[in-house]
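Trainee: Can you walk me through this one? I'd like to start with how the pieces are named.

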Amino acid sequence: MGQGKNKKAVILASVSILLSLGMWMLYTGFYQRFPFFSDRTVTVGVFSDSYWEVPNGYSYQILEDAIQAFEESHLGVRVEYVSGIMKEDYSEWLAGQLLSGQAPDLFFVLSEDFNDLAEVGALKDLAPLIEKDSGFEEGRFYSSAYRDGQYRGIQYSLPFECAPKLMFVNKSILAGEGLSIPEEDWNWEEFYEICRKVTRDTDGNGTVDQFGVVGYGWEEAFESNGIQLFDQQGKECRLADTKAEASLMFLERLWGLNQGYNATAKDFDLGNVAFQPMSFSEYRAYKPYPLSIKKYSSFEWGCIPMPSGPKGSNISALETLRIAMNAEARHTGDAWELMKTLTCDERIQSEIFAYSEGMSVLKEVTESEKTLQQLIENSVDNRSLNLEILSSAVEHAAVAPRFRNYDEAMAEVDKAVNDILEGETNVRMGQIIWNRRINKFLE
């Protein structure tokens, strides 16, 4: 009898220990260390060179650090990516992978591919994952960068890094002409007047050799004058809008200052131009951090927002590199967690300022003192960089409508603007003619 009780007690004790051990393994995730459970692999599609098209020896560094952080906190889940795919080949590679059903669970999405991938159903709608995730905070992202990942109101991607366009100023030219750097809320008329005053023949040989601006075109003018060029469905063009007319008339006046000389970016490089719109990524690439040469050494320069039109504000375009999830992803939950590690982890996002030429999409990262110190240490002159201007440019950036064949429609507008401004027809008539043509194209 005693032996039976002892045996029963041993069995109960053993069961209790096994249950406790099982509960502990579940709670800590230790069970995932066993090969039986280690069969979950998340795959990532990525290209090998810089998104910003400058030499970069750290193209995989951020991804690999994110993978390490993710795998340490998600035992039993492995992350794999294929290396060696160049950016110029990436779109074709990704399309082939999608067609063959072999596409990775997550992949970086180039701007020119996003609309088409969303339209054909290749991207997973992230709304259900976002709604279930109480720890996900949309407000941590810059709102424009976040909205740039939407297609027809559906969130198909999260922003990874971005770069706003700013107006870069040759402070030396302005100082030499006795002019002040414009305030952040400057407008077209102030812009025009400065360009008019600095455009002149400085050596007396009868040829203009100092210019007001280079690289300022219709897109910058339209954005800063509040023009929504297309409706959200891409069915209607608004080139005939009176705000577009005002923008074209302004460009005629501005370009006329050069007296027929076609100023180029090289003129700005040589210190002969007062203003040039430039992406923040280009600004960083042109400064003397490890993989680049100090391009502008003969003059002092800085950045300010774009000038505002009479019906607009001091805004410009934003370029965003996105991460999307395959609509057919196998381990959706794990893929979502890795996506958050890449886009929402402060430590990973801060590495963008160390290993890339863009900027973080998280407000708390970009606006931190640590970020400013990183930029200064990388030899970006803090006298020419104002993080408040940078942050505001991203937060209030123009977000283009998303529809299939958007790039082709923009190319049609580019042809229209060049024809209107260079042709014999008056601006208003040219707007009406080309607006009809583009609407037919959209049909």
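Mentor: Helices (H or I, at least four residues) and strands (E, at least two) are DSSP runs, numbered from the N terminus. This is a predicted model, where local features need pLDDT of at least 70 and side-chain atom pairs pLDDT 80 or more, while totals for chains, interfaces and linings use all residues. Residues are numbered from 1 along each chain, and side-chain values use heavy atoms, without hydrogens or water.

Trainee: How many helices and strands are there in the protein?

Mentor: The protein has 20 helices and 11 strands.

Trainee: Which helix gives the largest share of the lining of the second largest pocket?

Mentor: α3, with three residues. A pocket is an open set of points on a 1 Å grid, where a 1.4 Å probe fits, with protein on both sides within 12 Å along at least five of seven lines; lining residues have an atom within 4 Å of a point.

Trainee: What else lines the second largest pocket?

Mentor: β1 (40–45) and β2 (77–81) each supply at least two residues, as does α3 (87–100). The lining has 19 residues, and Thr43, Gln102, Ala103, Pro104 and Asp105 lie nearest the centre.

Trainee: And the largest pocket, which residues lie nearest its centre?

Mentor: Glu219, Glu223, Ala317, Leu318 and Glu319, out of 46 lining residues. α9 gives the most to this lining, five residues. Other contributors of at least two residues include β10 (318–325) and α19 (406–422).

Trainee: Changing topic: how much of the protein counts as buried?

Mentor: Of its 443 residues, 49% are buried, meaning under 20% relative accessible area (1.4 Å probe, protein chains only).

Key
Buried < 20%, exposed > 50% of the residue type's maximum accessible area, 1.4 Å probe, protein only.
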